[in-house]
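Dear colleague,

Please find below the structure that I am handing over to you, together with its sequence. After it come my notes on what was found in it.

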Amino acid sequence: MSNHLRKSLLLYPAGVILIMAVLYLFQQRAPRPSPSPRLPIPDPRLANLGVAPDWTTLSRYNDVLTRAEFVNALQDVYLLGDNLHFDITEKGVTVTSTLSPPGPPVSFAGQGTRNPPPRYWRPASEIPAGPSGKPLSGIRIAIDPGHIGGKWAQMEQRWYQVDDTIPVMEGDMTLLTAKLLAPRLESLGAIVSLVRSTCEPVTELRPHDLTEYASRLLPGAPSDEVVSLSEKLFYRSAEIRARAALINETMKPDLVLCLHFNAEHWGNDPSKPLFSNRNHFHMILHGSYMDGEIAHEDERLELMHKIFQRVHEEEVPLASAVATAFLEDTGLPAYLYRLGKPARQVGPALWTRNLLANRLYQCPVLFCEPYVMNNEEVYNRVQAGDYDGEREVAGKLRKSIYREYRDAVVKGLVNYYSSRPEGNP
Ligand SMILES: [Zn+2]
């Protein structure tokens with residue numbers, strides 16, 4: 001071996017080590033690009049941003065419901081059309097799936113065998129009553145102020161403004177209501193968490209992160225349509241999925257209050273909104289899946305959680321108590337869905353619908369829809385802002401719209417949970 005070659009062979013590993021050391025140091029100093037959040041691949045068998053179900057997770061529901069209880073809930077509450085996706089035998093139920101391997105059937109409870117439903121939330125009957133003066137003692141309540149508001153309100157199309165008056169922004173109004181409501185519920189003994197406490201999104205995703213996903217859903221579409229869909233995927237799908245993760249994995253409440261304000265169509269120009277002479281109230285419970293929705297395999301899995309955890313049985317009396325208080329305190333008429341809309345009436349001002357929020361939040365959800373934001377009286381009440389006591393607004397002495405909203409929710413919850421059996425606080 002020549003001297004020259006021996007020298008090269010000795011220098012080669014030293015060179016490699018030096019290059020690696022430089023690269024290492026460079027990597028340590030260079031600003032790291034934030035990792036693009038991983039997104040599922042769009043599939044027509046899934047809802048937007050949904051993932052393929054793991055059917056084996058359903059085994060925990062073995063022997064929880066009888067066959068009749070399952071079938072009645074499926075047909076009377078949850079499906080608007082015929083059952084095409086649940087194979088029901090005398091012994092159990094299997095969900096049909098082409099995306100994931102089917103799990104074993106979930107067995108029905110029979111004579112003498114019955115497991116309690118596994119769930120993180122508790123119905124009123126399982127939460128011991130507290131000391132007098134604390135009618136909400138021990139109740140875990142998550143408040144979900146609907147929408148995002150702030151600088152996102154126009155993108156969300158939950159914004160209008162007449163001339164240079166105070167803009168009407170639903171996401172800001174729900175947050176203001178939530179902040180008035182939380183301390184009042186706490187003073188009555190509840191353990192309260194706010195799903196958001198600012199006008200910023202809970203999700204880390206932003207519309208630009210969803211452009212690729214949107215363009216795969218709309219192949220060949222013009223770019224403005226792709227941008228518009230990526231925005232909807234951001235403020236609707238990604239945002240609600242992030243809130244659901246927070247609620248189901250961290251907060252684990254006994255109920256979620258989804259606070260909203262309703263609206264009638266205000267036209268295409270939010271700087272020249274059309275006013276509506278209608279003003280009304282209703283609440284939405286979970287149910288009424290359309291055929292196109294239950295065609296999504298992830299929605300079938302989410303529905304199984306709702307049925308086996310017997311969510312509807314708690315949701316109805318709870319929502320009835322709150323709806324009664326709203327109808328009494330606000331004087332608003334109960335809203336009626338038009339025939340043909342995918343909703344079923346289950347009580348005065350109570351309707352079932354399959355919304356992303358009330359499907360993903362795995363506990364009773366009270367989705368409140370009082371006040372029509374583009375009704376002129378409501379507009380005037382928004383202009384009057386929040387205030388203590390009563391003032392003359394739109395020709396009548398009234399509480400602020402936010403405190404009237406708060407007080408109705410509190411009254412309904414107190415009425416419902418006051419009937420709890422006596423227990424050890
Ligand atoms: Zn809303």
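**What was found**

Of the 425 residues in the protein chain, 40% are buried, where a residue is called buried if 20 or more other C-beta atoms lie within 10 Å of its own, exposed if 12 or fewer, and partly exposed in between, with C-beta atoms placed from the backbone. Please keep in mind that this is a predicted model, in which local features need pLDDT of at least 70 and side-chain atom pairs count only at pLDDT 80 or more, while totals for chains, interfaces and linings use all residues. Residues are numbered from 1 along each chain as its sequence is written.

The protein chain has 11 helices and 14 strands; these are DSSP runs numbered from the N terminus, helices being H or I with at least four residues and strands E with at least two. Along its principal axes the C-alpha trace spans about 105 × 70 × 50 Å. Among contacts between residues at least 6 apart in sequence, 76% join residues at least 24 apart, a contact being a pair of residues whose C-beta atoms, placed from the backbone, lie within 7 Å.

An open sheet of 7 strands, with mixed pairing, has the order S7-S4-S8-S12-S9-S11-S10; two strands are taken to pair if DSSP finds at least two bridges between them. Its edges are strand S7 (191–194) and strand S10 (344–347), each of which pairs on one side only, and the twist from one strand to the next averages 30°. Within this sheet, strand S8 (residues 255–259) runs parallel to strand S12 (residues 365–370) and is joined to it by 4 bridges, with Leu366 in S12 as the bridge partner of Leu257.

Those two leucines return in the largest nonpolar core, which has 86 residues and in which Leu257, Met283, Val322 and Leu366 have the most contacts. Such a core is a set of buried Ala, Val, Leu, Ile, Met, Phe, Trp, Tyr and Cys residues joined through C-beta atoms within 7 Å. Helix H5 (residues 223–251) supplies the largest share of this core, 10 residues. Not counting residues up to four places away in sequence, Leu257 touches Ile141, Ile143, Asp144, Leu366, Cys368 and Val409. Another core, of 21 residues, lies apart from the largest one and has Tyr61, Val93, Met304 and Ile307 among its members.

**Helices**

Helix H8 (residues 311–330) lies across S8, strand S9 (281–286), S10, strand S11 (350–353) and S12, running at about 175° to S9; here axes are lines fitted to C-alpha atoms, for helices over the stretch in contact, and angles run from 0 to 180 degrees between N-to-C directions. The buried residues of H8 include Glu314, Glu315, Leu318, Val322 and Phe326.

H5 has 29 residues and reaches 39 Å from its first C-alpha to its last, close to the 42 Å expected at 1.5 Å a residue, the expected span being 1.5 Å times one less than the number of residues. H5 also has a kink of about 35° centred on Leu233, the bend at a residue being the angle between axes fitted to the seven residues ending there and the seven starting there. Because 13 of the 17 residues of helix H11 are buried, H11 is largely enclosed by the rest of the structure.

A hairpin joins S1 to S2 through 3 residues, and strand S1 (residues 86–88) runs antiparallel to S2 with 3 bridges between them. Strand S2 (residues 92–95) has a covered face formed by Val93 and Val95, and an uncovered one formed by Gly92 and Thr94. In a regular strand the side chains alternate between the two faces of the sheet. Ile88 stands opposite Val93, while S2 also pairs with strand S3 (residues 106–107) in the antiparallel sense over 2 bridges, where Ser107 is the bridge partner of Gly92.

With kind regards

Note on methods
Two residues are in contact if their C-beta atoms, placed from the backbone, lie within 7 Å.
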